[in-house]
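Subject: Handing over the two-chain structure

Dear colleague,

I am passing on the structure we spoke about, with the sequence and the coordinates together below. Please look it over first, and then read on for what was found in it.

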Amino acid sequence: MDKYSTQKEDEKFRQILTSARIEAPENLRHRIMQQIETEKALVPQGTKRKKERENNMLREMGAIFGTMYAVLGAMVAGVYFLLGEDFLLSPQFIGSAILVGSIFSLLWLISRLDSHLRETKKIR
Amino acid sequence: MNENQRVQQVLSGNTSAFAYFVDAYQDMAITIAYRICGNMQDAEDVVQESYVKAFRNLRSFRSDSKFSTWLYRIVYNTAITHTKSQMWIGSRAAAMEDASQLADNTLEINMNENERKEIVADVLQKMPTGDALLLTLYYLEDNPVKEIAKITGLNEPNVKVKLFRARKLFKEMVVSNYGVQITGT
């Protein structure tokens, strides 16, 4: 009996509270889907840009350090044929090789900084 | 096609399949958000934010629970954060004081649909937020106590007790504010 009256009361509540349901405005669905589509469109673009950035960095690195090793190779070959094997191990030659390495490293640092600044400017 | 299949569709890149979940649950989501926020503008923002959160975290949805329960939990948490409110503390004492006339066990509102709608909306508005929300979840969506516990983070016995008190308070407030009893027609 008790259970029956509880069920009956539940039924009445259900009937009465049905009117309390609020209908979402028509544009809400559009707003939600638009935001989701926008977010989805932005995510792959971000990944693409990141990949592009990584590729650029590798290309730059290859060009600068490739040139550096070519110059060092030419220096070694020149010194070997003109001044002999002993000069290759002399402090003067090692100092020159370190200087060439430092100059190219500095050049690479400057180009990285430049790319970074360009990227930041583009994002803004 | 069941909901898990639709979830898989969305995860595999078909974003427009998510529209099904928006269509199916936006009314209840906005009802929950409105109960907590108290105004439509905030409720709409909360629902929009909740759906976007659900979309972003769809991979974490475990198919052993209902999608609606998972979504309503997000709406509930987002609304609480949005309003910075504490759901289960507070204003019942004041509401009980207002409802000075104790109702008996009957529930009778014998009037036309519009009047009844107005009364129900007004009483739910005046009730403590948590109580109004429990009634909404239990009677509007036919959520079992177990699902309500998952949505609100309360335990099941607690939901049952609060639901009992909410029903009692609702009846008392209808009687004290309108001097009528509710009946279904």
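Predicted model: local features only at pLDDT ≥ 70, side-chain atom pairs only at ≥ 80, totals over all residues.

Which residue just after H8(B) takes a positive phi? That residue is Gly153(B), whose phi is about 80 degrees.

Chain B, for its part, has nine helices and zero strands, and its pattern along the sequence is α-α-α-α-α-α-α-α-α. Buried residues account for 38% of the 185 residues in chain B. If one takes the contacts in chain B with a separation of 6 or more, 73% of them are between residues 24 or more positions apart.

Where the chains meet

The contact between the chains involves 25 residues from chain A and 30 residues from chain B. On the side of chain A that touches chain B, helix H1 (2-17) and helix H2 (26-83) each supply at least two residues, and the largest share, 10 residues, comes from H2(A). By type, the residues on this side of chain A are 11 nonpolar, four polar and 10 charged.

The largest nonpolar core

The largest nonpolar core has 52 residues, and those that touch the most other members are Ala29(B), Ile32(B), Ala33(B), Val47(B) and Val75(B). Several helices each supply at least two residues of this core, among them H2 of chain A and, from chain B, helix H2 (19-37), helix H3 (40-56), helix H4 (67-83) and helix H9 (156-178). H2(B) gives the largest share, 11 residues. The core also draws at least three residues from each of domain 1 (3-83) and domain 2 (94-178) of chain B.

How do the axes of H8(B) and H9(B) cross, and within what distance do they come? They come within 9 Å and cross at roughly 100 degrees; an angle of 65 to 115 degrees counts as roughly perpendicular, and H8(B) and H9(B) are therefore roughly perpendicular to each other. On the H8(B) side the contact is made by Val145(B), Lys146(B), Ile148(B), Ala149(B) and Thr152(B), and on the H9(B) side by Glu156(B), Val159(B) and Lys160(B). These residues divide into four nonpolar, one polar and three charged.

Within H8(B), the buried residues are Glu147(B), Ile148(B), Lys150(B), Ile151(B) and Thr152(B), and what covers them includes H4, H7 and H9 of chain B.

The axes of H7(B) and H9(B) likewise come within 9 Å and cross at roughly 100 degrees, and these two helices are therefore roughly perpendicular to each other. Here Gly130(B), Asp131(B), Leu134(B), Leu135(B) and Tyr138(B) of H7(B) meet Val159(B), Lys162(B), Leu163(B), Arg165(B), Ala166(B), Leu169(B) and Phe170(B) of H9(B). The residues of this contact comprise eight nonpolar, one polar and three charged. Val159(B) takes part both in this contact and in the contact of H9(B) with H8(B).

Two residues of chain A

From C-alpha to C-alpha, Glu119(A) and Arg53(A) are 8.9 Å apart in space, while in sequence they are 66 residues apart.

With best wishes

Terms used. Residues numbered from 1 in each chain as written. Chains lettered and ligands numbered in written order. Contact = placed C-beta atoms within 7 Å. Helix = DSSP H or I, 4+ residues; strand = E, 2+ residues; numbered from the N terminus. Nonpolar A, V, L, I, M, F, W, Y, C, P; charged D, E, K, R; others polar. Core = buried A, V, L, I, M, F, W, Y, C linked by C-beta atoms within 7 Å. Buried ≥ 20, exposed ≤ 12 C-beta atoms within 10 Å, placed from the backbone. Domains from an automatic or database assignment. Axes fitted to C-alpha atoms, helices over the stretch in contact; angles between N-to-C directions. Parallel < 35°, antiparallel > 145°, perpendicular 65-115°, else oblique.
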